[in-house]
Amino acid sequence: MILAFVSLITTVFFLENFRKWEHAIKKSNYRNKEIITAGGVVFVIVILLINVYTVFYWDNTDIPEYIMLSAACMGFSGLMDDIFGTKGVKGIRGHFSKLLQGKITTGSIKAIIGLSIACFLAVKKNDFWMDIIIDALIIAFSTNLLNLMDLRPGRACKFFLFSVTIIFLYFLRKGLTNLIYLYMPLAVSVIVFWFYDSRELLMMGDVGSNVLGISLGIMISWISSYYAKIGVLSFLLGIQLISEFYSLSKILERIVSLRRNF
């Protein structure tokens, strides 16, 4: 609870100051409203601060170290995309087609870093090549999924918190309370950010969605059974394929509209 409180105070203190920075980057949201972006850098700060503390009492220091490394790397690639983002190129297919033409985009750099970190984590955890492939794909696709979700105010936060709630219940069932303590500060930080995001006060940017996505991927790959991973990977792969050809936001909005009509 102390770490969760520290996360709450840190997030509020940082975001209130971040909003007043003179050279903060602004981008247009889906309503063409200019909003300060890259506020999700606070997730990197929270993860680094909390996990530095946890190594002093955590018996197995591997997980905190991997989380810190992942947050730092994906936070960097996301921030780079927020600042220097290549316009006019969409989706993994678009960025890699540019790469094949000898043109490097911020999206292709982000994808390469994400896939590299995913492979690193998967190799560190597994010995069997099939498990390595499954875990790497889950981590990589989870990272990209949160990026796809962050196209409307509060949507990425809601999806992350919904997913984390299910995972926390699984942790409780398996007696993995230490993992709840480890991830709870990040969940608290996301709840706070949800307030700013849903009111269009700040956008998390790719730096935020990348960090949340890879954190979610690590949680899933680290504790799920083989068949549960296959199910999750099938879902993630399906979403990824759909998003390459259709607008995920339009599909979600249509689903919400149908629910309201019924």
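This is a predicted model: local features need pLDDT of at least 70, side-chain atom pairs count only at pLDDT 80 or more; totals for chains, interfaces and linings use all residues.
The structure holds two cavities of 30 Å³ or more.

### The cavities

The largest cavity has a volume of about 60 Å³. Its lining consists of Val46, Ile47, Ile50, Asn51, Ile67, Leu182, Tyr183, Pro185 and Leu186. Two elements, α2 (41-54) and α8 (177-198), each give two or more residues to this lining. Sorted by class, the lining of the largest cavity comprises eight nonpolar residues, one polar residue and no charged residues.

The second largest cavity has a volume of about 30 Å³. Around this cavity stand Ile63, Phe171, Leu179, Tyr183, Met219, Trp222 and Ile223. Here the elements that supply two or more lining residues are α8 and α9. Helix α9 provides the largest share, three residues. The lining of the second largest cavity has seven nonpolar residues, with no polar and no charged ones. Tyr183 belongs to the lining of the largest cavity and also to that of the second largest cavity.

### The helix pairs

| Helix pair | Angle | Axis separation | Crossing |
|---|---|---|---|
| α2 and α8 | about 155° | 10 Å | right-handed |
| α7 and α9 | about 25° | 11 Å | left-handed |
| α5 and α9 | about 20° | 12 Å | right-handed |

Helices α2 and α8 pack at an angle of about 155°. Angles over 145 degrees count as roughly antiparallel, and α2 is therefore roughly antiparallel to α8. On the α2 side, the contact is made by Val42, Phe43, Val46, Ile47, Ile50, Asn51 and Thr54, and on the α8 side by Leu182, Pro185, Leu186, Ser189, Val190 and Phe193. By class, 10 residues of this contact are nonpolar, three are polar and none is charged. Several of the contact residues, including Val46, Ile47, Ile50 and Asn51 of α2 and Leu182, Pro185 and Leu186 of α8, also line the largest cavity.

Helix α7 covers residues 155-174 and helix α9 covers residues 205-223. Their angle of about 25° makes α7 and α9 roughly parallel to each other. From α7, the residues in contact are Phe159, Phe160, Ser163, Val164, Ile167, Tyr170 and Phe171; from α9, they are Leu212, Leu216, Met219, Ile220 and Ile223. The contact of α7 with α9 has 11 nonpolar residues, one polar residue and no charged residues. Among the residues of this contact, Phe171 of α7 and Met219 and Ile223 of α9 also take part in the lining of the second largest cavity.

Helix α5, residues 106-125, also packs against α9, at an angle of about 20°. Accordingly, α5 is roughly parallel to α9. In this contact, Lys110, Ile117, Leu121 and Lys125 of α5 meet Asp206, Asn210, Ile214, Ile218, Ser221 and Trp222 of α9. The residues of the contact of α5 with α9 comprise five nonpolar, two polar and three charged. Trp222 of α9, a member of this contact, is also one of the residues that line the second largest cavity.

Helices α2 and α8, which pack with their axes 10 Å apart, each give two or more residues to the lining of the largest cavity. Helix α9, which packs with α7 and with α5, gives three residues to the lining of the second largest cavity.

Technical notes: Residues are numbered from 1 along each chain as its sequence is written. Side-chain values use heavy atoms; hydrogens and water are left out. Axes are lines fitted to C-alpha atoms, for helices over the stretch in contact, and angles run from 0 to 180 degrees between N-to-C directions. Helices (H or I, at least four residues) and strands (E, at least two) are DSSP runs, numbered from the N terminus. Angles under 35 degrees count as roughly parallel, over 145 as roughly antiparallel, 65 to 115 as roughly perpendicular and the rest as oblique. A crossing is left-handed if the near helix is turned anticlockwise from the far one by less than a right angle, and right-handed if clockwise. Contact means heavy atoms within 4.5 Å. Ala, Val, Leu, Ile, Met, Phe, Trp, Tyr, Cys and Pro count as nonpolar, Asp, Glu, Lys and Arg as charged, and the others, Gly among them, as polar. On a 1 Å grid over the protein atoms alone, a cavity is a set of points where a 1.4 Å probe fits but cannot get out, and a pocket is an open set with protein on both sides within 12 Å along at least five of seven lines; lining residues have an atom within 4 Å of a point. Grid points are joined across faces, edges and corners, and a volume is the space filled by probe spheres set on the points.
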